[in-house]
Amino acid sequence: MGATQTYSVVDPASGKVDRRIFSDQAVYDAEMEKIFGRAWLMIGHESLVPEVNDFFHTYMGEDPVILTRDGRGRLHALLNMCRHRGNRVVRCDDGNATRFMCTYHGWSYGNDGRLEHVPGTSEAYYDALDKPSLGLVQARVETYAGIVFATWAEDAPSLEAFLGDARWYLDTVFNRRDEGMQALGPMKWLEPVNWKTMVDNCSDNYHVPTTHLSSARVQTRYLGRPRLSHKDQFESPNKHVFVNGHALTFREAPDNTPRYVHGISKDTFPLFQAYHEATLPEVERRLGAFRARHVQLGNHSIFPNGVLGFRLALPRGPLQTEFWHFVLLEKGAPEALKHAIRIGSQANNGAAGLFEQDDVDNWRQVTAASKSRLRRRISQDLSMGLGHAGAHPEYPGVVSERYISENNQRLFYRRWEEFMNAESWADIPIAPIIARFEGTATIRG
Amino acid sequence: MGKHASAEAATLTVTPRQALWLELMPFYIHEAWLLDERKFKEWLDLFTDDVLYFMPRRKNVLRREAHREVTPLGDLSLIEDDRRYLEMRVARLDTGMAWGEDPPSRTRHLIGNLVAEPLDDGEVRAKTAFLVYRSHLETDHQLLAGSREDVLRRVKGAWKIAKRTILLDANVLLDKNLSIFL
């Protein structure tokens, strides 16, 4: 599979997926170039660098990147690679610094990326070094409601166009409050899993009553959370929707109840309900009455590697992914509510998460099954709900008739093909923004 | 000769600190065997009702900022369980559907370097180091190293763990999940 390869990995008529994309090194190498080298990638959150000169160390795909807020408050995404030999100039996870010095020969960069000091500029370089051209390599940076995205592609469309109508749904979680959100984390761990399987899994609600039954059961018993059976999932009125490359699920919520997140229990539900009601006028002002009252984002992924909100699946070779788990909290929420959400999030979806610990062996065996010559010839079957999705009068995107469907997965691998087969951004389709974004909230927050 | 030796043993004195150490080391050895023999309900009995079972994150920070290396309570942690969550983790294993631990891991907890100091209120602060080996399914394995700092309290004559802070010596965990107890 070379550079001129045309990838055809998902058959839209049958839902068969070519398993080689989960294990082949050449495919992976092309992904790093054509997907992670092009797409807008989530890299952090403004609240991780709240003060001038703060920095947060992150990744764009495999490449280490320093998210900085310079002395004038502007955000930068700087490739963590000294322009002299390539050593990293930052080895900390986060901090506050006006300058980053390479520990090899002492080249120093400002937190806006400019090369500021080189030992021996006159004595060794005869004043011939072109310092202005040797700043840290910078990615384009834009933010959505405080979430920082970056791209290496100069020809990429705006972040607003990249998110498109997916933002109409995403706003119902990330853009509800005037004060915005704060990020905590990340916890980081390596999973022996191809990155795409954990992204695909985000709108796979079919797996929940099997994979997570043990944890759902004890939480029904100990926390009074609702049962999670196949019947409940099949009869759920929730929807599954694919919008401009992003795979989402959402709940139609006409009953004026809060979004059902981890952290809600029989004990804490009244807190969540009270907060939901108290903030509803503000949310209506920001998002319009329809979205504020009727639309609640569920499990989702942001293409290519955002997983269940602001969490990252960072590729580390075809057979391994570094998982970063953050929790986002609304800044203005009561402390008791923040506490409940934080505990619920880390106890269910982290490395030790009650839910998440049961995902990993399933995913890793999907990856492992794609390695052998025999098994990689046997395709994945993603045929569920074929022919049962389309446009919807009220909801933007391609909406599945049922909550439990593999339509999002088929379209995710189709989106993957669109990126992999494109020569440049000009070849990658972007759906026009047609949803009505009522209310005062903007992409900035 | 034999008589002489036993007379010496009878006069051996230990300081209160040493007595505490001698009392607690078997407690930790007992706990390790409970975990490695998968007697998790008995293991739960070693904790108080108000236990906090806490595993913060470890960050890479400069030496001069060492105070920021371990994330505080209130930040995102790897684990921050109260008794109810610990009980849920144990109860889950008996559902027959806790796939991450069914078939179960094979573990070996080596606990040592015990330092114990009495606190003013009758509780004891006990610090230990651990090496925990986990083998799972066919070839998955991991070695977890770290420390535990426990606050121990006497409840009806028996030591119970009222607070456990587990510091893993890792930044990015190298294993697929943390489905075992430390």
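At the start of helix 4 of chain B, a side-chain oxygen of Asp82(B) comes within 3.1 Å of the backbone nitrogen of Arg84(B). The model is predicted, and local features were taken only at pLDDT of at least 70, side-chain atom pairs only at pLDDT 80 or more, while totals for chains, interfaces and linings use all residues. Residues are numbered from 1 along each chain as its sequence is written, chains are lettered from A and ligands numbered from 1 in the order in which they are written, and side-chain values use heavy atoms, with hydrogens and water left out. Helices (H or I, at least four residues) and strands (E, at least two) are DSSP runs numbered from the N terminus.

Helix 4 of chain B spans residues 83-93, and eight of its 11 residues are buried, so the helix is largely enclosed by the rest of the structure. Buried means under 20% relative accessible area, exposed over 50%, and partly exposed in between (1.4 Å probe, protein chains only). The buried residues of this helix are Arg83(B), Tyr85(B), Leu86(B), Met88(B), Arg89(B), Val90(B), Ala91(B) and Arg92(B). They pack against helix 3 (40-44), strand 1 (47-55) and strand 2 (79-81) of chain B, together with helix 6 and helix 9 of chain A.

Helix 1 of chain A (residues 25-34) has Val27(A), Tyr28(A), Ala30(A), Glu31(A), Met32(A) and Lys34(A) buried. Among the elements that cover these residues are helix 4 (195-200), strand 17 (312-315) and helix 11 (407-420) of chain A. The N-terminal end of helix 1 of chain A is capped by Asp24(A), which has a side-chain oxygen 2.8 Å from the backbone nitrogen of Ala26(A). In general, an α-helix has 3.6 residues a turn, so residues three or four places apart point the same way.

Strand 12 of chain A (residues 181-191) has 10 of its 11 residues buried, so this strand is largely enclosed by the rest of the structure. Nine bridges join strand 12 to strand 18 (residues 321-330) of chain A, and the two run antiparallel; strands are taken to pair if DSSP finds at least two bridges between them. Met181(A) has Glu330(A) of strand 18 of chain A as its bridge partner.

Ser370(A) lies in the loop between helix 10 and strand 19 (380-381) of chain A. Ser370(A) counts as buried because its relative accessibility is 0%. Leaving aside residues up to four places away in sequence, Ser370(A) touches Arg19(A), Phe22(A), Ser23(A) and Arg376(A), where contact means heavy atoms within 4.5 Å.

Between the chains, 46 residues of chain A are in contact with 38 residues of chain B. The area buried between chain A and chain B is about 3,700 Å², and carbon and sulfur atoms give 54% of this area. Buried area is the accessible area (1.4 Å probe) that two parts lose on being put together, summed over both. Tyr222(A), Ala352(A) and Gln357(A) supply 15% of the area that chain A buries against chain B, more than any other three residues.

Across this interface, 29 residue pairs are in polar contact (both at pLDDT 80 or more). A polar contact is a pair of N or O atoms within 3.5 Å; within protein, one must be able to donate a hydrogen and the other to accept it, and residues adjacent in sequence count only if both atoms are side-chain atoms. Helix 6 of chain A gives the most to the side of chain A that touches chain B, with nine residues.

The whole structure holds 56 salt bridges over all chains, a salt bridge being a side-chain nitrogen of Lys or Arg within 4 Å of a carboxyl oxygen of Asp or Glu. Seven salt bridges cross the interface of chain A and chain B. In one, Asp140(B) is joined to Arg364(A), with the closest N and O atoms 2.4 Å apart. Asp94(A) forms a salt bridge with Lys59(B), with the closest N and O atoms 2.7 Å apart. This pair runs from strand 6 of chain A to the loop between strand 1 and strand 2 of chain B, and both Asp94(A) and Lys59(B) are buried.

Within chain A, Arg177(A) forms a salt bridge with Glu282(A), the closest N and O atoms lying 2.9 Å apart. These residues are 105 residues apart, Arg177(A) in the loop between helix 3 (166-174) and strand 12, and Glu282(A) in helix 8 (residues 269-294) of chain A. Arg177(A) is buried, with a relative accessible area of 12%, and Glu282(A) counts as buried at 16% relative accessibility.
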